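I set out to record, step by step, what I looked up in one protein structure.

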Amino acid sequence: MGRHSSIILTDGQAGCIDEIVKWYDYETRQDFVYSGPAGTGKTSIVPIILDELGLEPDEVTIVAFTGKAASVLMLKGLDASTIHAAFFEPSLLPLYENGKPVIRNGRVVKRIKFVEKQFIDKKTKLIIIDEWSMVNTDMRDVMYKFGIPVLAMGDADQLEPIFGRSPFADRIDYMLTEITRQAKDNGIIQLATLIREGNDLPVYMNFRNNAWVLSKKFLTRRHLLDTDMILTVKNKTRNVFNSKMRDLHGSKGILPNVGDRLLCRKNVWSKSLNGIPLINGTLGRVVNPIRMSECNLKEGIYRIDFQPDYVMDYNYYEALECDYDYLKEPCGRKEINMYNQGAKLEYGEAMTVHSSQGSQFNSIMYWDEFMGDREFMRKLRYTAVTRAVEKAYMFI
């Protein structure tokens, strides 16, 4: 298969590629949807698909719902962006209250809002959506209006969108089921499979020394410090772990200290590093002490030197202006639109499983909490465990 002929495909991967080529050549309908659980190699076949279709990189638009998911694709060598960046554009529009424009100091207050693009690049011959389980009907319709073929890939066992339901869930054309050779001996995949198949979880189990199920009473400081990201079900629990981790690292006060991890919760399109904008879902750390002379807490502004996790050199956002009032509020009790200035950053040693979708971490610790019904819990646990690349601790 072209320049990727050395890659050994499973029968399912080869069959999926064949069906996609047939669909694209004969244009039987606008979209093709394929799915597969963790370890089946959904993303790894994308370069082969593009080779088989004879498409150049500038003829394909690859998108994901979240900024973090898009950056994961970029790190895999795929030129990706968020759906908002690809199909919406910022526009400065008047702010209205009770049907009337808001006027301050004699001037109409304006806010940046994203409106649908009317045109996209004429070269585009294919749109690829990653993590379709997070895309609702409204978002799908925005992409479909251009009449361009859409290839959607994702995992039917992951959580659905917070608002609405993914329209792709009932439209799956091809299901990958075979775990790739590389993933078969992975304990994370074994644990994820156990969860996905609805099996009861043991009180204690070690999966090939890179995934563990443990009782909560056995949580230790070592587990916390041996984890790249703590995943929780509830924001209340997330706040507890964020505080605990800051204490373990010796961080003091409300303002971030050097080494504190922060999570961006709103796109800042005007800022970028290494070609990647500061988008919702970006994680990073404070790399230098805050210079209080550059902060104005009375006006709700502080400035930090912030290095995103994906930056491999010593490049960072210098004196990034951030919203102090937003930082002060506990996670889960913030209304982003209530704050007017600065990047919206919050402490990010812990995240909810919902906000982690599309992300990957070398190691995760998942703190299990009951919410919803058995099926929801199955998807919640599965989504959490599959965020890990090398190591996963699950506390139940």
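Predicted model: local features only at pLDDT ≥ 70, side-chain atom pairs only at ≥ 80, totals over all residues.

Entry 1: I first asked in what order the strands of the open sheet of six strands stand. I noted the order β13-β14-β25-β24-β15-β23, and the pairing is mixed. I then looked at the edges, where I found β13 (205-207) and β23 (350-352). Each of these has a single partner strand, so one of its sides has no neighbour in the sheet. On average, neighbouring strands here are turned by 20 degrees against each other, direction ignored.

Entry 2: Within β23, Ala350 is the bridge partner of Ile230.

**Entry 3: helices on the sheet.** Which strands does helix α6 touch? I found that α6 (residues 187-196) packs on the sheet and touches β13, β14 (211-214) and β25 (388-395). The direction of α6 makes about 50 degrees with that of β25. I also located helix α8 (residues 235-248), which lies across β15, β23 and β24 (361-367). Helix α8 runs at about 170 degrees to β23.

**Entry 4: Asp260.** I found Asp260 in the loop between α8 and β16 (261-264). Is Asp260 buried or exposed? Its relative accessible area is 2%, which is under the 20% limit, so Asp260 counts as buried. A polar atom of the Asp260 side chain lies 2.7 Å from the backbone nitrogen of Asn257. Leaving aside neighbours within four places in sequence, I listed contacts of Asp260, among them Arg246, Gly284, Arg285 and Tyr347.

Entry 5: I turned to the second largest pocket, whose volume is about 990 Å³. It is lined by 39 residues, and the closest to its centre are Gly39, Gly41, Thr43, Lys76 and Gln360. I noted that α3 (67-75), α6 and β25 each supply at least two lining residues. Helix α3 gives the most, with three residues.

**Entry 6: Gly12.** I placed Gly12 in helix α1 (residues 11-26). With 17% relative accessibility, Gly12 counts as buried. I recorded 8.6 Å between the C-alpha atoms of Gly12 and Thr40, which are 28 residues apart along the chain. Leaving aside neighbours within four places in sequence, Gly12 is in contact with Tyr174, Leu176 and Glu178.

Methods:
Residues numbered from 1 in each chain as written. Heavy atoms only, no water. Pairing = 2+ DSSP bridges. Helix = DSSP H or I, 4+ residues; strand = E, 2+ residues; numbered from the N terminus. Axes fitted to C-alpha atoms, helices over the stretch in contact; angles between N-to-C directions. Contact = heavy atoms within 4.5 Å. Buried < 20%, exposed > 50% of the residue type's maximum accessible area, 1.4 Å probe, protein only. Polar contact = N/O pair within 3.5 Å; in protein donor to acceptor, adjacent residues only side chain to side chain. 1 Å grid on protein atoms, 1.4 Å probe; cavity = no way out; pocket = protein on both sides within 12 Å on 5 of 7 lines; lining within 4 Å. Points joined across faces, edges and corners; volume = space filled by probe spheres on them.
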